[in-house]
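Here is a short report on a protein model. Please keep the sequence and the 3D view at hand while reading.

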Amino acid sequence: MSTKADQKVPELDFDTPALKRHRKVRALKDRGASVGIAIGGSSVILAVLLICFYLMYEVAPLFSGASIEQKGSYSLPVEESGKSLYLTSEEQTEIGFRVAENGDMIYFNIADGSVIKNVGNPLGQPTAFALESDTSRMMAFAYADGRVLVAKQNYKTTYPDGVRLITPSIEYPYGVEGIQVADFAPRQLSIRDNDERLTLAVIGDQQAQVVRLNKEVNFITEEVELTEARTEIPFVEGTRALLISGDQRYLYVADVNGMMSEFDIRDLSDVSTKDQIDLIEGDAQLVSMRYLLGQSSVMVADSSGRVSQWFNVRDENNVEHLTYIRDVQHPTGLVDMAMEHRRKGFATLDDRGVVSIFNATSSRQVVDERVSDDTARMISFAPRANGLLLEDSKDLHFFDVDNEHPEVSWSSIWGKVWYEGYQEPTYTWQSSAANNDFEPKYSLMPLAFGTIKAAFYAMLMAVPLAICGAIYTAYFMAAPLRRKIKPIIELMEALPTVILGFLAGLFFAPFLEENLAAAFSILIVLPVGILLFSFIWSRMPAGIRWMVPEGWQPLLLIPVIVLLGWFCVAMSPVIELNFFDGNIRGFITNDLGITFDQRNALVVGFAMGFAVIPTIFSITEDAIFSVPKALTQGSLALGATYWQTMTRVVLPTASPGIFSAIMIGMGRAVGETMIVLMATGNTPIMDFNIFEGMRTLAANLAVEVPESEVGSSHYRILFLAAFVLFVFTFVVNTIAETVRQHLRKKYGSL
């Protein structure tokens with residue numbers, strides 16, 4: 001008889017066909033999961049890199065240089081007429097135009113230099129020539145008998161047989177007989193014309209004269225009648241340049257040494273010398289003095305190679321003074337300078353035949369190339385700045401110019417820039433305006449500042465409420481109540497931000513403006529009221545306190561908070577009447593000197609904080625609730641209180657998750673669009689004032705991308721703003737992950 005000890009224990013077979021098939025299937029699933037996770041992760045990284053590369057691809061042309069390429073070279077059209085006094089072309093750069101030394105006005109084919117039309121000067125050879133502006137195409141000729149002839153280029157475009165035909169002509173808006181301006185032969189001439197008046201200034205060998213023709217419309221005949229006024233002005237010896245300001249208020253007369261006299265010519269019966277300014281440093285001589293587009297900035301070129309920019313700035317007494325703003329420097333002397341017709345750019349020509357192209361505001365040099373081996377005399381831009389005409393001692397040359405984004409530079413994007421009409425250098429974003437003379441201002445500093453400002457005030461509200469709420473919910477609240485509260489708060493995240501922005505802009509902002517006293521008093525009344533209620537509750541008889549289950553006490557605060565909020569709103573008029581003379585907004589604006597806008601950072605802080613709270617709360621609550629119970633139980637068993645356990649055990653252990661929650665919430669606040677778009681004044685200003693609005697990078701993209709021209713500087717600057725957001729998010733996430741890993745290593749041993 002065998003015993004149990006003698007019985008053989010059956011052996012388990014782990015190599016049955018069924019188990020082998022199971023292991024193969026499981027291994028296949030593991031490999032598939034690994035490959036799928038690797039592909040998914042790699043796809044995410046690849047997508048992020050592609051976004052980064054695409055943004056860089058769109059932004060890169062902003063900082064690439066310009067190019068200039070010669071397209072034609074030929075003898076000067078009608079060379080026997082003498083060298084050119086003025087060069088230009090029409091819009092399509094098909095027909096060139098030059099004013100010859102003998103007064104002839106010659107139209108020619110830019111491609112080959114063939115003459116299209118030669119218009120002889122009706123009054124003979126001029127003694128002086130002046131251009132009103134490149135955009136108006138108006139010119140003036142002065143003659144030995146003191147007359148001035150005003151002429152204007154005109155181009156008529158027709159399409160016979162579907163082919164474009166441009167027909168040039170010359171008009172004489174003030175008659176072909178000329179205007180008698182002086183009784184001497186002018187050597188220098190300046191003209192300025194608008195709908196109200198025509199002003200002419202001439203300087204001869206010993207005399208100077210200003211004539212103004214005021215225009216009035218006859219209500220009967222509807223003809224324009226001219227009323228003349230004239231006066232003599234002090235003669236300036238050695239006059240090299242003569243300019244009338246765009247508003248016809250001032251006359252600038254500069255001598256060969258760069259000493260400029262400024263005359264106030266608003267009232268010709270009382271002309272006075274307003275100022276005298278030395279435009280040139282050292283012993284250099286004046287080469288050219290011309291207006292930039294808009295007729296606000298005077299550009300001064302001298303023989304040392306320096307080009308300086310000047311425009312009027314008001315002093316503390318509100319008096320305008322022509323002020324030096326900035327300059328660029330060439331290594332050698334200059335012989336000519338040309339202005340772009342539609343941008344704040346200019347080109348210079350030096351005595352080596354080198355052409356340099358600059359943007360006046362950004363001081364960026366985009367071209368510096370030698371284009372002529374002969375003695376260069378004159379350069380001129382085509383109207384669209386896509387072509388350049390150059391005249392030297394032998395020939396006339398035409399160049400194609402590719403210069404798309406000269407107004408953009410790192411200094412203009414991130415530094416202070418002194419713009420025309422401003423009293424000092426500023427950070428300004430203003431991408432468009434109604435007039436053609438407008439200069440775009442592309443500083444990203446106000447947008448970056450607004451982004452940080454909006455995120456700061458949103459996080460200032462959201463972080464304390466979300467983290468403290470998460471701590472109480474995860475650690476102190478009763479489990480049944482937690483299972484109801486947590487989903488409700490997380491459900492807040494599903495509320496569309498456009499709805500929050502709509503409510504904040506149209507309802508909450510006016511409500512907050514009317515109840516400012518309540519908004520500030522509630523910050524004191526609510527904490528004090530809650531603490532007072534808690535103290536009273538703790539002194540209640542035990543029978544009353546035991547009626548509320550443990551962990552459900554927070555529900556008692558709901559009516560308390562509602563009552564305290566109603567009390568603050570109800571007392572707001574009383575507080576405002578007794579402490580602020582019934583107008584707290586007036587007190588803030590007038591007494592404190594703080595600007596107040598209805599849609600401001602305070603509104604954004606409440607609205608965007610409300611949107612960010614669920615994100616921070618949910619991640620923080622999960623991090624705290626996931627702390628192993630053994631840690632908290634061990635701490636309590638060793639005699640620590642609940643609060644000590646929370647601060648010294650739970651929070652350090654959960655700190656990586658809490659930090660991640662804050663960073664994710666900050667990323668949400670930085671990228672938020674609709675709330676800041678609808679709940680702020682959307683003004684790109686740099687002021688940390690909580691009562692003023694802002695414009696963020698994301699909101700600016702939402703507003704201006706649909707309106708920008710594809711490929712324009714504005715379009716690419718918006719992509720640069722998107723790239724800045726991308727980099728900012730990347731840097732913040734990298735720092736957050738580094739800190740999170742450090743905290744995990746530090747507290748992982750608990």
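## Basis

This is a predicted model, in which local features need pLDDT of at least 70 and side-chain atom pairs count only at pLDDT 80 or more, while totals for chains, interfaces and linings use all residues. Residues are numbered from 1 along each chain as its sequence is written, and side-chain values use heavy atoms, with hydrogens and water left out.

## Nonpolar cores

A nonpolar core here is a set of buried Ala, Val, Leu, Ile, Met, Phe, Trp, Tyr and Cys residues joined through side-chain atoms within 4.5 Å. Buried means under 20% relative accessible area, exposed over 50%, and partly exposed in between (1.4 Å probe, protein chains only). The largest core has 71 residues. Leu444, Met608, Ile616, Ile624 and Ile717 have the most contacts inside it. Helix 3 (residues 445-476) gives this core its largest share, 14 residues. Helices (H or I, at least four residues) and strands (E, at least two) are DSSP runs, numbered from the N terminus.

Ile616 touches Met459, Ala462, Val463, Ala466, Ile467, Ala661 and Gly665 (heavy atoms within 4.5 Å), leaving aside residues up to four places away in sequence. Another core lies apart from the largest one. It has 19 residues, including Ala140, Ile179, Val181 and Val211.

Four strands make an open, antiparallel sheet in the order 15-16-17-18. Two strands pair if DSSP finds at least two bridges between them. Strand 15 (239-244) and strand 18 (272-278) are at the edges. Each has a single partner strand, so one side of each has no neighbour in the sheet. The twist averages 20 degrees from one strand to the next, with axes as lines fitted to C-alpha atoms and angles from 0 to 180 degrees between N-to-C directions.

Strand 17 (residues 259-264) and strand 18 pair over six bridges, in the antiparallel sense. Met259 stands opposite Asp278 in strand 18.

## Cysteines

How many disulfides are there? The count is zero, with a disulfide taken as a pair of cysteine sulfur atoms within 2.5 Å. For Cys568, the closest cysteine sulfur is in Cys468, 20 Å away, so a bond is out of reach. Cys568 is buried at 2% relative accessible area. Cys52 is buried too, at 15%.

## Positive phi

Most residues other than glycine have a negative phi. Val78 has a positive phi near 50 degrees. Val78 sits in the loop between strand 1 (67-75) and strand 2 (84-89), and is buried at 13% relative accessible area. Thr93 also has a positive phi near 50 degrees. Its place is the loop between strand 2 and strand 3 (95-100).
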